[in-house]
Amino acid sequence: MGKAAAFFVADVERSFSNGFDLKLKDFETAVAVGSKTYVICGTDDPTSSGIRILNKLTGEWVIPTVLGTKPESFKGHSCVLLNKDRILIIKHNSKSNESVWFLEVDTQFIRDQKKKLGTEVVSWSKGVIGNAELPLVISGPSGVGKGTLINMLMKEFPSMFGFSVSHTTRAPREKEQNGVHYHFINRDVMEEDIRSGKFLEFAAVHGNLYGTSIEAVDVVADAGKRCILDIDVQGARSVRASSLEAIFIFVHPPSFEELEKRLRARGTETEEQIHKRLRNAKAELEQGNSPGLFDHILVNNDLEACYKQLKNILGISESMNTVPTTPSKVLDLPVDFSLSQINEKILINHGAAEQMVLDLSLMKGGAPGRTRGLDMYVFDP
Ligand SMILES: Nc1nc2c(ncn2[C@@H]2O[C@H](COP(=O)(O)OP(=O)(O)O)[C@@H](O)[C@H]2O)c(=O)[nH]1
Ligand SMILES: Nc1ncnc2c1ncn2[C@@H]1O[C@H](COP(=O)(O)OP(=O)(O)O)[C@@H](O)[C@H]1O
């Protein structure tokens with residue numbers, strides 16, 4: 001999404017919508033979007049999806065498929081419809097670093113998912129104050145050294161980077177731990193999860209299914225870290241085509257012979273698996289060079305030199321061991337407030353002389369990732 005356009009004025013409904021009784025409970029809000037009314041549930045009930053939709057033409061209620069990681073603890077909140085495609089939700093009595101959420105109802109991502117899933121779909125996207133660093137997608141043939149480079153980065157900068165733990169149907173290697181290296185999963189379950197829209201991308205690689213769940217990326221972002229995805233070229237292509245912005249890096253071996261040597265020396269695959277990986281490596285190397293897919297190509301010849309180059313691309317130096325961006329000041333949001341808007345600014349009205357403002361003019365990103373570039377500050381008129 002580019003720069004946000006002028007906002008559509010919020011249409012927050014009370015108890016009735018087009019003559020239908022919405023039966024709103026405590027902490028529930030209703031927002032009209034075209035011929036539908038979205039009721040956002042205010043409870044923490046884990047059995048509830050939290051969202052129900054009234055079709056105002058037929059009076060029918062639908063429980064949509066809800067994608068993305070939903071906010072924890074969700075009681076008092078205020079909301080506003082933006083651009084007719086997403087509902088901005090600000091939690092009452094919360095801290096500014098976890099108060100802003102978007103429920104996407106008609107963005108491109110939602111329209112694509114509706115087509116794919118054949119159901120009503122909404123998706124949560126957390127709002128981030130400031131500019132969270134873009135996720136990093138690292139691809140390259142098996143044995144080229146992706147895992148080694150990623151481990152070096154995570155070891156040197158543990159507070160800066162987090163690994164997106166993929167799901168796979170392949171069997172664990174001896175030293176691999178479930179939930180750390182991969183979520184090892186049965187094929188039937190993974191296929192069902194793919195059908196229900198849990199995956200940002202997935203691909204069949206070397207005869208197994210691999211995929212990145214939306215949650216895997218959200219977990220890292222929620223820990224305030226920059227997410228690293230180790231995925232194959234098909235996966236990188238899918239992410240490139242999605243609305244998740246990222247930096248794409250392809251790791252190239254110095255030669256095919258060296259790749260084979262590393263793969264054998266690693267000693268984690270059978271001879272048959274090594275052959276399959278080497279066969280696939282040829283195609284991957286060709287695709288890695290395809291124009292427009294990768295932002296950077298790294299040749300992993302000397303490991304230390306390659307690692308240094310990777311850090312240069314990421315703009316980090318030896319002396320950095322904290323999050324590179326200056327963290328924004330965390331503000332306390334009042335127990336109760338209402339929202340109004342002036343162009344791309346949302347005013348948080350709570351009766352005090354000083355006013356809180358959420359500035360959306362540099363808003364970017366959105367589901368299946370976070371919504372970044374927001375600013376929140378106190379304004380004393
Ligand atoms: N598309 C996609 N590829 C993945 C994912 N996770 C891992 N891969 C890729 O699957 C391939 C095989 O990974 P793995 O079995 O760990 O073997 P290795 O590459 O030899 O270490 C690699 O190219 C990974 O980048 C994922 O979530 N999605
Ligand atoms: N630049 C390098 N020179 C020599 N060996 C390397 C280099 N980079 C990685 N390796 C080794 O090659 C093997 C494969 O690396 P790994 O990180 O597992 O690859 P990938 O994750 O891409 O499959 C490992 O045994 C690793 O120690």
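**View 1. Ligand 1 sits in the largest pocket.** A pocket is defined on a 1 Å grid over the protein atoms alone, as an open set of points where a 1.4 Å probe fits, with protein on both sides within 12 Å along at least five of seven lines, and a molecule sits in it if more than half of its atoms lie within 2 Å of its grid points. This is a predicted model, in which local features need pLDDT of at least 70 and side-chain atom pairs count only at pLDDT 80 or more, while totals for chains, interfaces and linings use all residues. Residues are numbered from 1 along each chain as its sequence is written, chains are lettered from A and ligands numbered from 1 in the order in which they are written, and side-chain values use heavy atoms, with hydrogens and water left out.

**View 2. The shell around ligand 1 is made of 20 residues.** Ser142, Ser166, Arg170, Tyr182 and Tyr210 come nearest, where a residue counts as near if one of its heavy atoms lies within 4 Å of the molecule. Strand 17 (199-205) and strand 18 (208-213) each supply at least two residues of this shell; strands (E, at least two residues) and helices (H or I, at least four residues) are DSSP runs, numbered from the N terminus. By class, the shell holds 5 nonpolar, 7 polar and 8 charged residues, with Ala, Val, Leu, Ile, Met, Phe, Trp, Tyr, Cys and Pro counted as nonpolar, Asp, Glu, Lys and Arg as charged, and the others, Gly among them, as polar.

**View 3. Oxygen atoms of ligand 1 meet Ser142, Gly211 and Asp230.** A polar contact is a pair of N or O atoms within 3.5 Å. An N or O atom in the side chain of Ser142 is 2.4 Å from an oxygen atom of ligand 1, and one in the side chain of Asp230 is 2.6 Å from an oxygen atom of this ligand, whereas for Gly211 a polar backbone atom is 3.1 Å from a ligand oxygen. Taken alone, ligand 1 exposes 570 Å², of which the protein buries 95%, the areas coming from the Shrake-Rupley method with a 1.4 Å probe.

**View 4. Ligand 2 is surrounded by 13 residues.** The closest are Gly143, Lys146, Thr148, Arg266 and Asn300. Helix 2 (146-156) and helix 6 (256-266) each supply at least two residues of the shell, and helix 2 gives the most, with 3 residues. An oxygen atom of ligand 2 is 2.5 Å from an N or O atom in the side chain of Thr148, while a backbone N or O atom of Asn301 lies 2.9 Å from a nitrogen atom of ligand 2. The protein covers 73% of the 560 Å² of accessible area that ligand 2 has on its own.

**View 5. Lys311 forms a salt bridge with Glu156.** The closest N and O atoms of the pair are 3.0 Å apart, a salt bridge being a side-chain nitrogen of Lys or Arg within 4 Å of a carboxyl oxygen of Asp or Glu. Lys311 lies in helix 8 (residues 303-313) and Glu156 in helix 2, so the pair ties together parts that are 155 residues apart in sequence.

**View 6. The peptide bond from Ala367 to Pro368 is cis.** Its omega is near 10°, and Pro368 lies in the loop between strand 25 (364-365) and strand 26 (371-379).

Key: Polar contact = N/O pair within 3.5 Å; in protein donor to acceptor, adjacent residues only side chain to side chain. 1 Å grid on protein atoms, 1.4 Å probe; cavity = no way out; pocket = protein on both sides within 12 Å on 5 of 7 lines; lining within 4 Å.
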